[in-house]
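Trainee: Could you walk me through how the labels on this model are decided?
Mentor: Gladly, let's take them one at a time.

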Amino acid sequence: MSREFRIRDACPEDAACLTALARRAKASWEYPAAWLDQWAAELAFEPAYLSAHRVRVAESGGLVVGVAALEPRPAGWEIERLWVDPAAQRLGIGRALVDDALAHAARHGGRVTVLSDPQAEPFYVRLGAIRIGTEPAPMPGAPERALPRLAFAR
């Protein structure tokens with residue numbers, strides 16, 4: 001996978017490839033298949049969602065290798081649906097997508113938060129986020145599972 005990529009706005013035609021990307025990325029954390037099936041709706045990108053929200057994709061070699069959505073909230077912004085293809089991880093794509101979201105939020109005011117998968121928390125912390133709480137997210141066989149809520153200081 002090339003280290004060269006560009007970030008662009010998502011378009012409704014990206015929906016199917018973004019859904020497949022999100023599923024591959026989530027599956028790379030070796031969650032049980034039943035959990036992935038339960039999360040199918042959350043992992044899906046609908047064309048209407050892509051038209052209604054600020055969704056940016058990273059492309060490398062003509063392939064979409066990353067995605068991040070930034071949604072407005074009353075107190076600022078929430079990074080949603082940040083996924084990088086497993087074959088393209090550790091190439092700076094996730095960092096670039098977060099930096100892109102933070103730059104947009106800085107231009108439009110308000111703090112940036114993210115409700116993170118527990119396995120993604122170290123990534124966000126490396127980028128400057130701090131944990132500000134947790135939200136229960138029980139799953140079959142993991143009744144105590146919780147998602148960290150993080151906020152960026154920058």
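**Cavity and cysteines**

Mentor: The count here is one cavity of 30 Å³ or more. The model is predicted, so local features need pLDDT of at least 70 and side-chain atom pairs pLDDT 80 or more, while totals for chains, interfaces and linings use all residues. Residues are numbered from 1 along each chain as its sequence is written, and side-chain values use heavy atoms, without hydrogens and water.

Trainee: What makes it a cavity?

Mentor: On a 1 Å grid over the protein atoms alone, a cavity is a set of points where a 1.4 Å probe fits but cannot get out. The largest cavity has a volume of about 30 Å³, a volume being the space filled by probe spheres set on the points, which are joined across faces, edges and corners.

Trainee: Which residues line the largest cavity?

Mentor: Arg54, Arg56, Ala68, Ala69, Leu70, Leu97, Asp100 and Ala101 do; a lining residue has an atom within 4 Å of a point. By class, five are nonpolar, none polar and three charged.

Trainee: Why is Cys11 called partly exposed?

Mentor: Because its relative accessibility is 25%; buried means under 20% relative accessible area, exposed over 50%, and partly exposed in between (1.4 Å probe, protein chains only). Cys17, at 33%, therefore counts as partly exposed too.

Conventions
1 Å grid on protein atoms, 1.4 Å probe; cavity = no way out; pocket = protein on both sides within 12 Å on 5 of 7 lines; lining within 4 Å. Nonpolar A, V, L, I, M, F, W, Y, C, P; charged D, E, K, R; others polar.
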